[in-house]
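Take a first look at the whole model before reading on. Then follow the text from the overall picture down to single residues.

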Amino acid sequence: MTESSRPPGSSRREFLRLAAVAGLAGALTPPAAFAQAATPAPRPTPLPATIPPAPPAAAEGPSEAARALTAILQQRLGKDRLNEEQWEAVAKDFDYDLASAKRMAAVKLVNADEPDYSFFASPAPPAPSGARAKGD
Amino acid sequence: MTDADLMFLPLRALGAKLRAREVTSVALTEASLKRLETLGPKYNAVVTLMKDSALAEAKQADAELRAGKPRGPLHGIPYGVKDLLATKGVPTTWGAEPYRNQVFDYDATVVTKLRDAGAVLVAKLAMVELAGGMGYNHADASFTGPGLTPWNTAFWSGGSSSGPGAAVAAGLVPYAIGSETSGSILTPASFCGVTGFRPTYGLVSRHGAMALCWTLDKLGPMARGADDAALVLAAMSGPDPLDDSCTGKSFAWGGPAKHARKWRVAVPKGCTEKVQPAVRENFEAALAKMADRLVVTRDVEWPDLPWGPAVGTIVAAEGAAAFRELLESGEVAKLRCPADRTGGYSALLTPAVDYLQAMRLRRPMRAAMTKLFASYDVVATPGRATVSYPADRKFEEVYPGISGGPPVIPAGNLTGLPALVMPDGFGENGLPTSIAFMGPAFSERQLAEIGTLYQQRSDWHLKRPAGV
């Protein structure tokens with residue numbers, strides 16, 4: 001979890017629900033499932049004027065794009081991996097991801113803007129000093 | 001002095017007693033172990049007691065202290081670690097059923113550094129499963145059960161460092177080590193009324209720590225007061241050839257410098273308007289306590305960047321990579337919280353371009369924070385917008401309409417900045433509230449000085465929950 005505008009468990013699903021209610025006009029910062037690592041519940045982020053609208057289907061259910069992505073996952077993992085309700089939750093997560101990607105893409109970067117990490121061609125550091133023995 | 005009184009003493013006072021032989025490390029360790037064993041279950045705070053190794057370390061500490069060979073301020077003092085730090089030969093569960101029997105054959109660098117400082121590791125402490133990486137939405141998200149705050153056990157101790165928060169608050173250990181990807185030290189410290197110190201990314205080695213997100217994960221102390229936390233951070237920090245992210249910088253702390261400088265404080269616009277009333281009142285009272293040493297600027301505009309989506313995308317992509325086997329095998333279904341059983345799946349399809357876009361955004365984000373800190377020494381906000389959440393309800397069901405304003409926690413984590421959170425009073429249901437300060441990279445000394453100043457003028461960090 002991150003910010004505190006929303007209750008701490010705010011998941012992508014919750015983000016989408018709020019996005020639908022607020023039309024993404026308010027302060028919504030979605031911690032992705034993984035992003036909640038820590039403490040769920042991000043505070044709201046002011047949205048740039050260029051922010052695209054929320055996925056149209058967010059209010060009623062997952063968008064077509066989210067359902068398509070869910071289908072890819074079902075093909076990859078097997079549809080029987082989860083029940084219908086769980087797949088629906090996954091589809092809503094995809095809608096969060098799509099909205100999140102649009103928000104990031106709305107920030108203009110130039111061609112030369114590099115990712116904020118560096119690769120070094122220097123010798124690698126020593127490997128961890130021991131192997132993990134997974135139980136059972 | 002009772003065992004409880006000892007456990008609530010500041011580290012410098014405990015160290016003085018040890019060096020004066022008013023108490024032994026073995027006695028302190030036994031007291032801590034007993035409290036962990038008897039009180040720990042009340043808060044679901046403990047995973048594994050390290051009884052044998054702890055007593056051996058304590059005996060060694062006593063022998064060294066008797067021989068006049070003190071190792072430093074932590075020598076002989078017991079502590080606990082969040083159960084995501086590897087400890088040789090002892091289970092390291094990551095709070096998750098699928099890893100319940102996982103054993104490493106090496107110690108995390110932080111554990112080694114603290115052992116070298118003479119500290120005595122007494123327990124592996126509870127945590128939200130996989131540090132919350134799968135999207136939990138309920139306190140009951142660990143195989144050890146929901147972490148409960150000692151101030152009111154109907155409420156959550158916060159996550160994901162839930163055990164360290166509760167164990168320090170209840171005086172089960174004098175201090176503990178937590179971890180933060182985006183809020184996991186600051187939130188449990190807030191909800192448990194203890195002091196949490198998130199270091200600059202790269203100041204503390206993560207070697208041997210569970211990886212959730214390589215470019216965001218950090219380890220830091222949770223303690224009674226800022227001086228205690230700074231002493232522990234000093235012992236944890238420094239170079240480590242086993243962690244590429246380590247900058248080689250160290251943090252030294254002997255105590256606050258004797259000067260009377262004033263700090264320039266930015267209070268972001270919107271950070272108090274929609275918080276709970278007690279949170280706002282306590283925050284203002286805390287600033288007022290230090291009014292003669294602060295130059296406070298209100299309504300500072302927060303950089304308008306997609307902090308939340310960026311942190312979400314980065315943790316999704318890196319977390320899915322770190323736990324790809326767990327997700328693809330279906331073992332994720334064994335997690336405790338239902339939301340955790342599905343929350344990671346969509347991250348498996350995070351487009352590389354989205355992850356890279358988020359990583360590219362971190363440069364303008366760092367530039368924005370650098371610009372902010374050119375005008376201010378620190379940012380001050382309430383630690384959390386609310387007191388803790390009921391342990392038996394989904395997070396999204398409580399505290400409607402409450403907002404903490406701008407995304408300071410994601411911003412601080414995305415840009416790797418240090419933050420200190422301290423208790424500043426109490427709110428609803430007798431639960432603690434907090435104030436947080438965030439500074440530029442490697443400004444830990446400044447944060448520790450502000451923290452010690454505040455705690456010299458207040459006593460919230462000395463309060464004890466009932467029944468401990």
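A residue is called buried if 20 or more other C-beta atoms lie within 10 Å of its own, and exposed if 12 or fewer do. By that rule, buried residues make up 63% of the 468 residues in chain B. Keep in mind that this is a predicted model.

Start with chain B as a whole. It holds 16 helices and 12 strands. Its C-alpha atoms fill a box of roughly 60 × 60 × 45 Å along the principal axes. What radius of gyration does chain B have? The value is 21 Å, which agrees with the figure near 23 Å for a compact globule, because that is what 468 residues would give. Now look at contacts between residues at least 6 apart in sequence. In chain B, 78% of them join residues at least 24 apart.

Next, find the sheet. In chain B, 11 strands form an open sheet with mixed pairing. The order is β1-β4-β2-β5-β7-β6-β11-β12-β10-β8-β9. Which strands stand at the edges? They are β1 (46-49) and β9 (294-300) of chain B. Each has a single partner strand, so one side of each is left without a neighbour in the sheet. On average, neighbouring strands of this sheet are turned by 25 degrees against each other, direction ignored. Strands of a sheet pair through backbone hydrogen bonds, either parallel or antiparallel.

β1(B) and β4(B) run antiparallel, joined by three bridges. Here B:Val46 stands opposite B:Leu125 in β4(B). On to the next pair: β2(B) and β4(B) are parallel, with five bridges. In this pair B:Tyr79 faces B:Leu121 of β4(B). Is β4(B) mostly covered or mostly open? It is mostly covered, with six of its six residues buried. Helix α5 (residues 51-66) of chain B lies across β1, β2 (78-82) and β4 (120-125) of that chain. The helix runs at about 155 degrees to β4(B).

Look closely at B:Val122. Leaving out residues up to four places away in sequence, B:Val122 touches a list that includes B:Leu33, B:Leu49, B:Ala54, B:Tyr79 and B:Val173.

Strand β8 (residues 263-268) of chain B pairs with β9(B) in the parallel sense, over five bridges. Across this pair, B:Arg264 has B:Val295 as its bridge partner in β9(B). Is B:Val295 buried or exposed? It counts as exposed, because it has 11 C-beta neighbours inside 10 Å. Beyond four places in sequence, B:Val295 touches B:Lys262, B:Arg264 and B:Val265. B:Lys262 is 33 residues away from B:Val295 in sequence, yet their C-alpha atoms are 6.6 Å apart.

Finally, check the confidence in chain A. Chain A averages a pLDDT of 66, and 47% of its residues score at least 70. Where pLDDT is low, the predicted coordinates should not be read in detail.

Key
Residues are numbered from 1 along each chain as its sequence is written. Chains are lettered from A and ligands numbered from 1 in the order in which they are written. This is a predicted model: local features need pLDDT of at least 70, side-chain atom pairs count only at pLDDT 80 or more; totals for chains, interfaces and linings use all residues. pLDDT is the predictor's confidence in each residue, from 0 to 100. Two strands pair if DSSP finds at least two bridges between them. Helices (H or I, at least four residues) and strands (E, at least two) are DSSP runs, numbered from the N terminus. Axes are lines fitted to C-alpha atoms, for helices over the stretch in contact, and angles run from 0 to 180 degrees between N-to-C directions. Two residues are in contact if their C-beta atoms, placed from the backbone, lie within 7 Å. The radius of gyration is taken over C-alpha atoms; the globule rule is 2.2 Å times the number of residues to the power 0.38.
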